[in-house]
Amino acid sequence: MNKKFTTVLLTMLVFACTSAQQTGVIIGSVKDKNTQAEIIGASILVEGTNLGTITDINGNYKLTAPVGTYTIRVSSVGYVSATKYNILLMSGYDQLLNFELVEDNVSLNDVVVTFDKEKSASAGDMISPLSVQQLTSQEIRSNPGGSLDVSKVVQTLPGVGSNNGGGGSRNDIIIRGGAPNENVYYLDGIEVPIINHFQTQGSSGGAQGILNVAFIEDLKLTSSAFDARYDNVLASTFVINQRNGNPERLEAEVRTGLTESALTFEGPIGKNKKTTFLASARQSYLGLLFSWIDIPIRPNYFDYQYKITHQFNNKNSLTVLGIGAIDNFSFAQNANSTPENVYITRSLPYINQWNYTIGTTYKHLYKKGFMTVSFSRNLFENNVDKYKEGVKDETAQTLDLKSTETENKLKIDFNSFVNGWKFSGGVGAQYVKYNIGLFSQITNDIVDGNGTILLPGLSINTNNNIEFFKYGAYAQIAKVFFNKRLLISGGVRSDMNTFTETGNNPLKTLSPRLSLQYKITPKFDITASLGQYYKIPTYTALGYKDNNGVLVNKDMEYIQSTHYVLGTEYLPNDALRFVVEGFYKQYANYPVSLATGVSLANLGNDFGAIGNERVVSNGLGKALGMEFSVQQKLIKKLFYVISYTYVESYFAGLDGVYRPSTWDNRHLLSTTLGYIFKNNYQAGLKYRYAGGNPYTPFNMPVSQQSYLLLGTGTLNYAQTNSLRLLDFSQLDIRIDKKFNFKKSTLEVFIDVQNILGALNESSPTYTFKRNADNTGFETSDGLALKQDGSNAIPLVIYNKTRTVIPTIGLMFMF
């Protein structure tokens with residue numbers, strides 16, 4: 001009976017997929033890129049077909065086509081036409097596709113009359129003509145090994161590295177030799193400080209991205225020549241545009257796999273269709289997968305995301321958005337763990353975090369421009385607990401950290417485009433609160449053979465609270481000259497605060513920037529930029545109090561980074577792009593640990609977890625290198641991206657000696673290749689290579705003497721970052737198959753990370769050799785372990801793994 005039923009069901013499935021040509025719907029709008037005004041009567045053409053339509057009085061359009069992958073071109077009188085590639089049309093989910101066109105008389109890409117199309121492979125614009133990369137939603141979705149995680153996908157872009165000190169498992173995004181916390185992230189104009197689960201406080205890294213790819217329209221990464229509207233950026237801006245919900249009908253997407261399940265809904269609210277919504281929730285079960293493949297960590301998370309848009313009329317709209325997550329992180333021993341690994345695992349911390357960002361933006365269009373007013377609030381609560389040998393007992397607790405970071409923000413922006421001049425300017429203010437309660441066992445008790453305490457351990461027990469305001473202003477202007485060959489873009493901003501000693505001085509953070517682009521031919525240009533940028537120190541450092549309860553880090557200065565960039569871009573056709581850029585970055589006022597004399601850039605994973613130390617702002621740094629990349633958009637079923645970066649990154653501490661930073665990978669190579677086969681099959685390969693991260697070796701004599709007191713090895717800062725981990729390499733594959741029914745689509749995918757099982761390494765660990773039954777430490781003389789560790793057997797564990805992570809999943813859209 002069951003076999004017959006299964007046979008009938010499969011027959012019906014095949015028949016439904018093959019008996020009739022299924023169709024899909026494309027919905028979108030066409031607007032002026034600089035003024036955001038709707039463009040009426042714009043032509044939309046599905047290339048290679050006779051299908052097309054035009055926009056209505058509100059600049060909107062809708063067309064129907066057979067399911068498949070298409071190239072869509074939009075044109076309008078007085079504007080440069082635009083093309084988008086690899087547009088996937090399915091029967092179960094309407095494709096929302098929006099275009100922004102540039103006026104013909106100001107387009108940088110329309111120097112000669114015969115060139116009437118915007119070069120779609122190019123990612124720059126009038127404000128930032130260089131150091132820009134762009135990804136579409138479909139490119140993120142189909143990225144092999146990306147697991148639909150934006151933070152993992154961007155690691156294939158030029159100049160982007162990751163912290164392979166974590167074995168390649170983290171999303172510590174490192175841009176051109178800078179720290180992960182030098183990046184800023186914006187979602188529809190709202191800053192989102194936390195984009196990863198299991199965030200390291202004081203950084204932007206984490207194990208898994210939070211953002212739902214189904215919301216994303218496109219992502220733009222800028223690694224220099226920053227728009228002055230963005231504050232607190234030293235390395236890069238991630239500007240992510242979300243699409244609106246479907247205004248025509250209710251839709252849903254169910255996604256499930258070995259690591260997580262997610263549910264997304266969207267559609268109109270009300271009969272007039274002026275209000276749309278997007279909403280999603282996701283639950284992971286990574287702990288089960290990691291248990292199955294024998295990885296000792298047990299991470300689990302939940303996240304949500306939503307966006308509501310209301311269009312009052314053609315000139316006024318309101319957007320409300322939110323994103324949040326709850327994270328729980330624990331450990332378990334491997335099946336083949338050594339006694340030493342079991343002991344170390346027991347001493348690792350339990351992490352519980354939750355965070356959210358909510359915001360609302362009012363947008364008003366006026367003649368030749370628009371303004372936005374944004375309110376937002378973000379909160380990050382971090383709870384870290386650590387126990388002796390993993391026993392959850394208050395008497396055995398060695399670390400209890402509870403901290404909360406809260407920011408409330410107001411931002412007003414004006415944007416105008418008049419006679420070819422592009423102006424923007426604005427002001428912003430923030431109210432900041434940072435609270436931390438910390439108990440930390442610095443040294444363990446010294447006991448005799450009977451367990452009697454001879455010398456109590458040292459500990460920190462403190463509660464710190466700070467509140468202050470941050471505020472700033474900016475202006476930006478750009479114009480094309482000399483028969484549309486030369487672009488000049490310039491801007492300035494200044495940021496201040498009421499907390500640090502010199503924080504209210506606007507001249508301290510005066511941040512000018514200048515970018516140039518000269519088109520030698522319509523296909524070939526030269527670009528250059530110069531800019532000085534500032535970032536406030538992390539709250540974990542600013543909130544530190546000494547033993548007298550004094551906030552001693554109030555004398556810290558804004559970190560400064562000056563960028564020099566020279567590059568060239570060659571566009572043989574609309575879909576192919578070659579880019580070469582050289583960069584040099586100088587750092588000043590970089591935080592340095594007063595206790596060790598080491599720059600925080602050279603502490604790697606130790607930085608940002610707590611920040612309970614005295615730091616000074618006299619560190620220096622520099623990063624320099626070259627980038628090469630080639631990108632082919634989808635043409636004749638093939639697309640690829642190849643990039644190579646050579647980067648050197650050095651920072652100096654109190655002694656003024658430049659040493660390789662933790663981010664000094666030297667070589668970064670990535671290749672992504674995708675091919676679309678017949679019958680809705682798609683396959684992709686991604687290869688990443690990075691030079692090994694530098695690390696500091698242990699001071700073996702001191703570590704042996706202090707291990708029982710500190711519970712960890714002591715680093716030899718005289719040899720800071722003198723050693724390197726193994727080079728990181730990983731090959732990922734992904735295969736997708738789509739089944740289109742009349743009003744629904746089923747997608748099945750297989751994604752395997754590190755399919756070749758390459759050997760990768762994370763930072764080493766210091767311990768003493770344990771006895772066979774793991775009840776104590778083995779000694780060299782067979783006697784009880786001495787408190788000075790002189791008869792212990794020191795052991796450095798080099799953490800090398802060949803982890804292969806498979807994911808099989810499906811997405812059902814209806």
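**Figure 1. Ring pairs link Phe 698, Tyr 707, Tyr 766, Phe 768 and Phe 777 into a cluster.** Rings of Phe, Tyr and Trp (its six-membered ring) pair if their centres lie within 6.5 Å. Planes under 30 degrees apart count as stacked, over 60 as edge-to-face, and the rest as tilted. This is a predicted model, in which local features need pLDDT of at least 70, side-chain atom pairs count only at pLDDT 80 or more, and totals for chains, interfaces and linings use all residues. Residues are numbered from 1 along each chain as its sequence is written, and side-chain values use heavy atoms, with hydrogens and water left out.

**Figure 2. Tyr 590 and Phe 651 form a tilted aromatic pair.** By the ring rule, the count comes to 23 aromatic pairs. In the pair of Tyr 590 and Phe 651, the rings sit 4.7 Å centre to centre, with 55 degrees between the planes. Tyr 590 lies in strand S35 (residues 576-593) and Phe 651 in strand S37 (residues 638-652), so the pair ties together parts that are 61 residues apart in sequence. Strands (E, at least two residues) and helices (H or I, at least four) are DSSP runs, numbered from the N terminus. Both Tyr 590 and Phe 651 are buried. Buried means under 20% relative accessible area, exposed over 50%, and partly exposed in between (1.4 Å probe, protein chains only).

**Figure 3. The largest cavity has a volume of about 490 Å³.** A cavity is a set of points, on a 1 Å grid over the protein atoms alone, where a 1.4 Å probe fits but cannot get out. Lining residues have an atom within 4 Å of a point. Grid points are joined across faces, edges and corners, and a volume is the space filled by probe spheres set on the points. The structure holds 11 cavities of 30 Å³ or more. In the largest, 31 residues form the lining, and Pro 193, Glu 405, Glu 407, Lys 535 and Tyr 539 lie nearest the centre. Strand S13 (183-187), strand S24 (350-366), strand S25 (369-387) and S26 each give two or more residues to this lining. The lining divides into 10 nonpolar, 14 polar and 7 charged residues. Ala, Val, Leu, Ile, Met, Phe, Trp, Tyr, Cys and Pro count as nonpolar, Asp, Glu, Lys and Arg as charged, and the others, Gly among them, as polar.

**Figure 4. The second largest cavity holds about 330 Å³ of space.** Its lining comprises 28 residues, and Asp 231, Lys 411, Gly 428, Ala 429 and Gln 430 lie nearest the centre. At least two lining residues come from each of strand S14 (190-191), S25, S26, S27, strand S30 (459-481) and strand S31 (486-497).

**Figure 5. Asn 419 has a positive phi of about 50 degrees although it is not a glycine.** Asn 419 sits in the loop between strand S26 (397-418) and strand S27 (421-441). Its relative accessibility is 71%, so Asn 419 counts as exposed.

**Figure 6. Asn 754, also not a glycine, has a positive phi of about 60 degrees.** The loop that holds Asn 754 runs between strand S44 (745-753) and strand S45 (760-761). Asn 754 counts as buried because its relative accessibility is 2%.

**Figure 7. The protein chain has 7 helices and 49 strands.** Of its 814 residues, 57% count as buried.

Conventions:
1 Å grid on protein atoms, 1.4 Å probe; cavity = no way out; pocket = protein on both sides within 12 Å on 5 of 7 lines; lining within 4 Å.
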